[in-house]
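Have the sequence and the 3D view ready as you read.

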Amino acid sequence: MSTENEGNEVPPAPSAPPVPVASSAASPQSPEPDGNAPTTPLPPVPGDAPAGPAAEAGAGHPSGPAPDGAWPPPRPAAPPHPETPSYGDAGAGAAGGFGGPGVPVWGAAYQQPAPKPRGRGGLIAAVLVAALVAGGLGGGLGYTLAKNHDDSGSTTVSASDSGGATQVKRAPGTIASVAAKSLPSTVTIEAEGTNGDGGTGTGFVFDRQGHIITNNHVVADSLDGGKLTATFPNGKKYDAEVVGHAQGYDVAVVKLKNPPSDLEPLPLGDSDKVAVGDETIAIGAPFGLSNTVTTGIISAKNRPVASSDGSASSKASYMSALQTDAPINPGNSGGPLLDGSGAVIGINSAIQSTNSGGGFGGSGQSGSIGLGFAIPINQAKYVAQQLIKTGKPVYAKIGASVSLEDSSDGAKITDQGTAGSAAVESGGPADKAGLKPGDVITKLDDMVIDSGPTLIGDIWTHKPGDKVAITYKRGGQQHTVDLTLGARVGDS
């Protein structure tokens, strides 16, 4: 099942909020900015994916059956089954399909969302003024009534007169305490392309050298000569540049130019130890509302998620995601998903939505229905370290082309790869393990494999050189072989 990227797309030539650019001596730990940049959603999964029955499992490019095939992956013959969520923000995938009306479909057609009406800010201002006037009238009336009846003998005691502390103390580990500690290390990212298109997302401090982790689809518009900025909650804005990006993983690392000297990286947790029911805290800029905190739990683990941003050059991303019901909306992309102690356990990247329109800001952009997905931090950390070190992603692979068609039976190795190439790479890991076209992979270690995308996402949670056990069916018989994963460098 596919969802959509939930980055927050901005109309051409967006107007940045009036926030001063900080000097290198500025600290990111002061009062938060107003965060009023206009935003609209990133597009959903592209509707016209290239035709083809297969994509290489874990060959770096899941788009094509062959290890060196081109992305994005071929369009499946039938959409993935309903219980397999996929990736992104809910924009235009309301064609129905596998999950019933309003559920995004793999390859659903993309339509550019309508821009926000220019008058929305004025309308909000008018409503606020009306509310203030009403509040003033109510306050004046209340004061008059109280004055006329102040001889009743009734008295009240204010909190400041009770002898207690005048300031609320929040114990460590509370949501308020975690938010207060984590917010200064999160940023709102604005990416703008050379053509004026852009989007808004979120990121968080990875190290004291000024590296920020976010999603690839958040920074995609700024590549090839665009502009990138990161704004801290204290209002300090910094120019930034992309150090490296991995479209397959949907992870990117940006670096602040002239970063402040007192950066505090968020602590990283262990996503392998996360359990269903654990508390989660998400921080981001949903619909451009910077520094928003929401809470929930871990709803599920190892959810197969696949998506793209809908552009013509888009390449599919795959992950074995953490699922959370913490509200995640367009603009949360790239932000941290924290555990109850404040450690990062994932990067918020995708939502499933009914695409009911909703009319938020007049854009028709859908929001959270409690189905959010995050890249596990153990995987994201490895990818980020590779990007900082070499600028290029490294993908694990088995060296075989598998079908992306919906099938609960497993991931079938195709009869032929892209452009007539071999479905099983000669001398590759699958070839050495004795796998052949027609074999159906049903398990990778203890992970049940029900489709090609599930296999790819699970392979990419591993590192090249890892040894895994592959269980497959051939001629009605089940076999298990050990396999050492190969490596593929780069997205192309």
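What follows covers some ground rules, one serine and a few aromatic rings.

## Ground rules

This is a predicted model, where local features need pLDDT of at least 70, side-chain atom pairs count only at pLDDT 80 or more, and totals for chains, interfaces and linings use all residues. Residues are numbered from 1 along each chain as its sequence is written, and side-chain values use heavy atoms, with hydrogens and water left out.

## Serine 317

Look for serine 317 in strand E12 (residues 317–324); strands are DSSP runs of at least two residues, numbered from the N terminus. Serine 317 counts as buried, at 4% relative accessibility (buried means under 20% relative accessible area, with a 1.4 Å probe and protein chains only). A polar atom of its side chain lies 2.4 Å from the backbone oxygen of glutamine 247.

## Aromatic pairs

How many aromatic pairs does the structure hold? There are five, where rings of Phe, Tyr and Trp (its six-membered ring) pair if their centres lie within 6.5 Å; planes under 30 degrees apart count as stacked, over 60 as edge-to-face and the rest as tilted. One of them joins phenylalanine 232 and tyrosine 238: the planes sit at 90° with centres 5.7 Å apart, so this pair is edge-to-face. Phenylalanine 232 is buried at 0% relative accessible area, and tyrosine 238 is buried at 1%.

Tyrosine 249 and tyrosine 395 make a stacked pair, 4.5 Å centre to centre with 15° between the planes. This pair links distant parts of the chain, 146 residues apart: tyrosine 249 is in the loop between strands E8 (237–246) and E9 (251–256), and tyrosine 395 is in strand E16 (residues 394–397). Tyr249, Tyr318, Tyr395 and Trp460 form one aromatic cluster.

Notes
Helices (H or I, at least four residues) and strands (E, at least two) are DSSP runs, numbered from the N terminus. Buried means under 20% relative accessible area, exposed over 50%, partly exposed in between (1.4 Å probe, protein chains only). A polar contact is a pair of N or O atoms within 3.5 Å; within protein, one must be able to donate a hydrogen and the other to accept it, and residues adjacent in sequence count only if both atoms are side-chain atoms.
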